[in-house]
Amino acid sequence: NQTSAQTGQHQTKSTSQGGQQTLVIDDLSETRDLTTIDPLNKDITLPRSMVYDSLFVKDKDGKLEPSLVQSYQTKGNTLEIKLKHGIKFQNGDPLNAQSVKATIEKILHPDPNEESAFTSLLANIKQINVVNQWTVDIVTAHADYILPQYLTNISIVDAKQLAKGNQYQTDLNGTGPYMLADWKRGQEVVLKANPHYWGKKPQFKKVVIKYVPDESTRIADLLSGHASIAADLTPESIDRITSNANSHVVTSPGDRVTYMSYNFNGPLANEKVRQAIYYALDRKTMTADVYGKYATPATAPVAKGASGYVDAFPLSDYNVAKAKKLLAEAGVKAPLSISLHVGQTDLDVAEVIQSQLKQVGIQVHIDVLAQGELLDPKQLNKPEPIMFIFTGLDNPEEDAYRIYAPTFSSESFIKPFGYKPSAQVAQLIQQYLAAPNLTERTQVSKQILDITKQQAAVVWLLQPANIYGVSNDIEWHVDGATQIHIQQIQEK
Amino acid sequence: MTQGIIQAVQRLFGGLMMLLMVSMLLFFASRAMGDPTYSILAVDATQAQKAAFRSEIGWNEPVWLQLLVYMEHTITGRFGVSYELQQPVRQIIPPYLWGTIKLVGLALPLGILGGIVLGFLSLGASKKIERIFQGVLLCLYSLPGFVPIILAIEIFGVKLKWLPPSGSQGVQSLIMPVLLLAGAEAIKSGILLRTKLQEVLGEKFIVTARAKGVSPLRLQVQYLLRPTLSLVVSFLSLQVGQLLGSTVIVENIFAYQGVGSLAVHTLSTRDLPLLQGCIFVPALIFLCFRFLTDLVQPWLDPRLRQDGQRVMA
Amino acid sequence: MQSHPYLLDIRGLTTSFAVADRTISAVNGVTLRMHSGETLAVVGESGSGKSTLALSVLKLVQKPGTIQAECIRCHGKDLLNMSERAMRSVRGKDIAMVFQDPATAFHPMMPLGKQLMETVRTGTRKEKKQRVLEMLMRVGLPDPERQLRSYAHTLSGGMLQRVMIAMALLNRPQLLIADEPTTALDVTVQANIIGLLRDLKRQFHMGILFISHDLGVVAQFADQVAVMRRGNIVEYGSTEKIFYHPEHPYTRHLLQMAPRLGSELPSPVEIDRHA
Amino acid sequence: MLESKHLQKTYTWKPVFRPGVSVLAVRDVSLQIRAGETVGLVGESGCGKSTLARCLAGLEQPSDGGVFYHGEEISRLSLREARVLRKRIQYIFQNPVNALNPYRTVAQLIAEPLQHFRVGNQKTRMAAVQRLLDMVELPIDDMDKYPAELSRGECQRVNIARALILEPEIIICDEVISALDVSIGVQILHLLKTLQRKQGYGFLFISHDISRVIQISDWIAVMYMGLLMEWAPAAGFHAEALHPYSQVLLQAVPSLIPGEFVDHPSTAVEIPDPVFPQHGCPFHTRCPYATDVCRREVPAFRSVGQHTVRCHHAEAVR
Amino acid sequence: MNKNVWRSRPFIICCFVLLALIISGMFAVKAGKFYNPTTPFVGGKLQPPSASFWLGTDELGRDVFSRLLDATGVTLGLALISVVLAMVTGTLLGMVAGYDVLPIATPVILFIGQISVIFPVRWLPLIIVLLFGEHAFGMMMSMFFSLWGQFLWLIYDEARALKGRAFIQAAYMSGGTRWGILKFHVLPYMVPTVLVLATLSFRTAIGVISTLSFLGIGLQPPTPTWGSMISEAQPYFFQAWWLVLFPLLALVVSVLAINWIGHLLGRKWSVSGRAKLQKRGDSRAKSSIFT
Ligand SMILES: Nc1ncnc2c1ncn2[C@@H]1O[C@H](COP(=O)(O)OP(=O)(O)OP(=O)(O)O)[C@@H](O)[C@H]1O
Ligand SMILES: Nc1ncnc2c1ncn2[C@@H]1O[C@H](COP(=O)(O)OP(=O)(O)OP(=O)(O)O)[C@@H](O)[C@H]1O
Ligand SMILES: [Mg+2]
Ligand SMILES: [Mg+2]
């Protein structure tokens, strides 16, 4: 157990000569990795993406590329996948069709006391047929063209290990470039290079992902050479990093859109009031004020370039006069008083919203809640009107369905607070999923957005970028990806 | 003496009873906080998933049954299974607790020692210097926790590169957090100790000691410090309880694994079993210290040891 | 070391305390001299500054007090201008003090044995203990072994006083300042202690500054007597002179009031309070 | 008025790791203090006088026997119940400095009992304080001083004043005049005597100054090693003391003749220890009349003439 | 001498400073003399102090000066009230328990007192607020409750240590009830310790307020408090020193002022002979043990 003894003093290249041995990444948002490293459980996990391979990957232009897959074919409702040969799991088991089947079935039918965030993504899948050792057929309820996109995010786990019960959750065993060396909950995950990796040889002998909750400490780690990458930075820290000769800043577009929604009570039950709020908000100034250039104002639930993107909420919608008119039409008396629930992270945004809405005569009272409380019906199911700001839904696939389904379908998470999902939208969402190509999908997406814009149930506010502080010892081309891809990082 | 021991034991039992009460309080408080489903499951979890989760943690059972199960867990010391991590609390807590104990166990004695030194500094000096010194201590005490920590990291971690800015392994990464915590403790106990020392300074036996020509060191330790020890011990026992949970800032900034930050995290996820573990264990440690204090006090002050004498209150 | 005529030479000693808005001179221009092997008794009114005088010699007057003097010398050593450090070696060794109030003078939380042993400056632990035990025995304390382990509050006033005396004598000082050392002792023990002091005085040529209210003891024990009143020495002379030919009315008054076996309680004579 | 019956007090001290010891401070003491009378208590230092006094005052619970006030047992009362007795029975501590709270001024300390019993108002209390200060010969200026600023004798007088302010029936004086010079001592004693004459106070007067004690007492009690040895009228006691110990005491009183110092052979003997009392009469080790009986049995407390004596050979000694 | 404490210069100055802080906080901003403390972007982001923004602006371009003023009233008011409450309750109950004044109450007091210290200072408020509600009352209760335990235990231990003293027995002889003795003899002993502890607690209280608002309890942003201003400034520590410095200065000044007041009050309430003399005495007196 040499590694664990050493982990106290991870040294990056600056102090050790002869090639970079260890890459240390300090991060915050990956905390969830540090509470559990279950490969089938949570959404974005850095170590998981390094230990496991998925069937497909996206290239830097967002195009689908096969990874474990040799070739694939869509025949109606069936996606036929042929796997690459000779790939082995880190424990020596071969990668085969059984593993794909077992993995997907595990996701579709998780133990009752476990949940998998992927279940809803793969809900369309009806059946999985193993054709031969390396070929598997995935049968969906109806034609599903997005499925391969979704599969980019699914780690393929060894069927034999899955059969053994819960062991797979902590004893990571993937086909990826790195293997788990050590895991200290709440502290760090240590990965070491997989010597038998089938693809491009991993750059680093060891990768350490450290959970460092405090931003200034992440930066200190970076500046003192104890970390090569400090993730999850705020724009205010950028000066500190760029002013240091040994580090620079790398940004990548974020995959979450911060939005605001309501509890649909009192005046907020009125569509016009909600529309007025939408028109009263100046997203452009808000974004610039709070994030500077490190965020983009949202013009859709997904980022520009993601599949399903439509510019349905142009920034030019900002119109105070119109907002006032709508309010007048709605017949609300001038100072309208509304609470705004917000988590600590979006407090700044909330304060800007507060001042912007004041111009149209809406008095906003900010109420800071713990992140988990925000969507608690207990907080929102109150008779008084409440707005809330939420940091956004994960969308690593960069596809609008990821947003539409939980927001507007009959499973909508704002439904408990009074939102009435329309059947039409629900149907359109199904259509979207079945749409055979991007153009068609975009069309459906536009329809969805038009209807929901009318409903004004959600205001898409802005999309903060990911900011990384990076040591000059390494080179990292983000390539438009929204998360860290270890293979993009090179030592200099 | 024996009377004192009996009393202390009684107090300990009282304390244990109180822990149970606190646990109960915690239960109701967490009920009042609301459904943990929303804080633990992802936003877009389906209703079915939420329902499964609720039934798993027993949220749908009648409250009294939940309380019963919970109290049974408490009394047997099992604490149940964390909602979020799906692991028995008893397995989760130890590494965190060990981290905090290391931190506090080193920082507290150091801090008290430092406090004693600070208490003595300038003690015999002129009135003016004494007040200035006290003022300086208070200024330092007023500093918000993060300021000295961030500065220390900047200086020793980034500029001088002597010590790693973060991490909870190895002796090196302990140095800064321990020293900073100890410093804060030292200032606090120093301020308190000074008032007491000033009181002792006026006692007649100090004059006797000086008349004997006792060496200054001995005079300070045996004659000035010794009578304040009961205050020091009593303060120490209080600080044990406080520090075990108040290391949050230090733990957070140094990315140090400890109960404090775990507890704060747990609080936001409303993970009752884990939260209870986080509070219960330090509380238990505190109780033990309090128990020891009760035992030690009469040993420190023989005047409290009189069994035969009429207890005058 | 040249020999000095006086063991203790105090000239013009004034010790004053600033209280509220005025200054109290507890000792007011006192001049005293004593030779080695001599016993100087200081008697006088309660509150006349006897204890303050004693403390002033050792420069132990507590904070608000200030000492002014022409000179304070012990064996020619100038105590007045001596550094605190040098004083430390004088205190307890050359000059030892028996405090008036043994109950407050002992550390309440330290076993008596420890307090006694730390006074002895030389020797191993065992030797120290031996010496302490021996001395406790000589002052007539029952079961000294046990008393070593007990605390001040468990001893009676007289026992503590004996411990106090033992502590002062441990280092065989040249000058012993004894502030009412026998008030809490019954007459037999008192006689015992006086006998002991006499022996030591004879043996080591020790000088004793003896403060007492008990004129009988003073008469038997002292060579010289100083009578104090309101910070001043009103009369000073050999014991015989003071007892047989008192000059000052206050001295006469004192003698008149002194208890005698078999006599009646003297009637209170109003003596001039503001003389 | 106040009497003790077979009073016994043992102090036990149990260190944690060593065997405990118990000190027999007071053994089987019965004495009475009557109204208008003074009992003088003398005895060896450490023989339990203070302990006895404290038991009588209710500051300590006797291990055995009892204290009776007007025939009522008071030694087992709770603190609350005993409180009313404080108006009747006062105790003046042997150590005057410890008995004063260093954080309180003289005036506050003297007025304290009045405050506790809510007697009078601020003004009358201050008047009372001034009157008492005058009685105990303290200057009015001292009123605002703190105990640390007083000499020992002055502290003692503050204690006396405090005990007197409630005008109790019984005052237990533990060496009240030993810290005072003879002149003031006499003043104070006269003050006490006057009060006694006027208001019938009873006094227990503990002192080492036997000549003084005889002067002011009606009865003399002599204690040795926790035992009451002799109880006799004060008048003529200096000549008629029966118990050998009393005689030793009387002989040891220093005379006022300069230079006359007698080494008493009896004092050279090792003093017995109350922790391990030997068999028989506690005084036998020092007693010139000691015989085998003395070594075997504790003598009974019996009357011999006007005296009550605990000695096997009282008649012979006479 | 004692009476003069009320008129002594430092006392007046300290009271004046505190009063000025509170009053300015209450009225200055409301009177509209300054920028609105909660309006973002009245100036640029993170502007250093300048003629128009005396103490600079914060990360949302709000005027730090007016925020600081606005925070003053609330912060000082809440902290002072809760500290005084905690001090009085903790001390009284500590003595009452230490002296068994009400024998039945003692275990109850200690029982409740344990809750207060068992939880980390910044934790208990959460639970209390849940019980009492998130309003000013709940906030106050939670601050009070998290502070008083320290007083209780220290005083409890100290009071018990005093029991063996002779003057306490003398007080019983004077007819003191337990309560009377507490008031007359024990309290003066405690005053210095209590006052110092109160100063320390004041600082803690300000921290608790900010913790509470951080957790979304009580005072909600954008209402500023000193504590929340300081803790919100943490991410900008290296970029914008003025965000930390000025609220911190306000905090330090008030802590020092309170310490002074405590010191002077202490002198009034419990002048020990020595303390008083030390002040009067000549500091040049040679007889210090440390020279
Ligand atoms: N610290 C002090 N501050 C103010 N006054 C003091 C102080 N110490 C002593 N005094 C005063 O100085 C005078 C002399 O006190 P000192 O103790 O020397 O008297 P004493 O002769 O020893 O009396 P006694 O025989 O009662 O012990 C007293 O009036 C006392 O009030
Ligand atoms: N608190 C206590 N604990 C243990 N032993 C004690 C305690 N108080 C007194 N004693 C012992 O009891 C015995 C009697 O003490 P007491 O104080 O009554 O003597 P005394 O007659 O007053 O003597 P003195 O004349 O010297 O004051 C002594 O041996 C003493 O050591
Ligand atoms: Mg004196
Ligand atoms: Mg006694």
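Predicted model: local features only at pLDDT ≥ 70, side-chain atom pairs only at ≥ 80, totals over all residues.
Which residues come nearest to ligand 2? Of the 23 residues around this ligand, the nearest are C:G158, D:G46, D:K49, D:S50 and D:T51; a residue is near a molecule if one of its heavy atoms lies within 4 Å of it.

Residues are numbered from 1 along each chain as its sequence is written, chains are lettered from A and ligands numbered from 1 in the order in which they are written, and side-chain values use heavy atoms, with hydrogens and water left out.

**First stop: ligand 2**

Select ligand 2, which lies between chains B, C and D. Next, display its polar contacts (pairs of N or O atoms within 3.5 Å). A polar side-chain atom of D:S50 lies 2.4 Å from an oxygen atom of the ligand, and one of D:S45 lies 3.2 Å from an oxygen atom of ligand 2. From chain C, a polar backbone atom of C:T154 is 2.8 Å from a ligand oxygen. Taken alone, ligand 2 exposes 630 Å², of which the protein buries 93% (accessible areas come from the Shrake-Rupley method with a 1.4 Å probe, and for residues only the protein chains shown count as cover).

D:S50 belongs to helix α1 (residues 49-57) of chain D and D:Q94 to the loop between β6 (89-92) and α3 (106-116) of that chain, so the pair ties together parts 44 residues apart in sequence. Helices (H or I, at least four residues) and strands (E, at least two) are DSSP runs, numbered from the N terminus. D:Q94 is buried, at 16% relative accessible area, where buried means under 20%.

Move to ligand 1, between chains C and D. Among the 22 residues around ligand 1, C:G47, C:S51, C:T52, C:Q100 and D:G153 come nearest. Show the side chain of C:Q100, where an N or O atom is 2.6 Å from an oxygen atom of ligand 1. On chain D, a side-chain N or O atom of D:E154 is 2.9 Å from a ligand oxygen.

Note on methods: Polar contact = N/O pair within 3.5 Å; in protein donor to acceptor, adjacent residues only side chain to side chain. Buried < 20%, exposed > 50% of the residue type's maximum accessible area, 1.4 Å probe, protein only.
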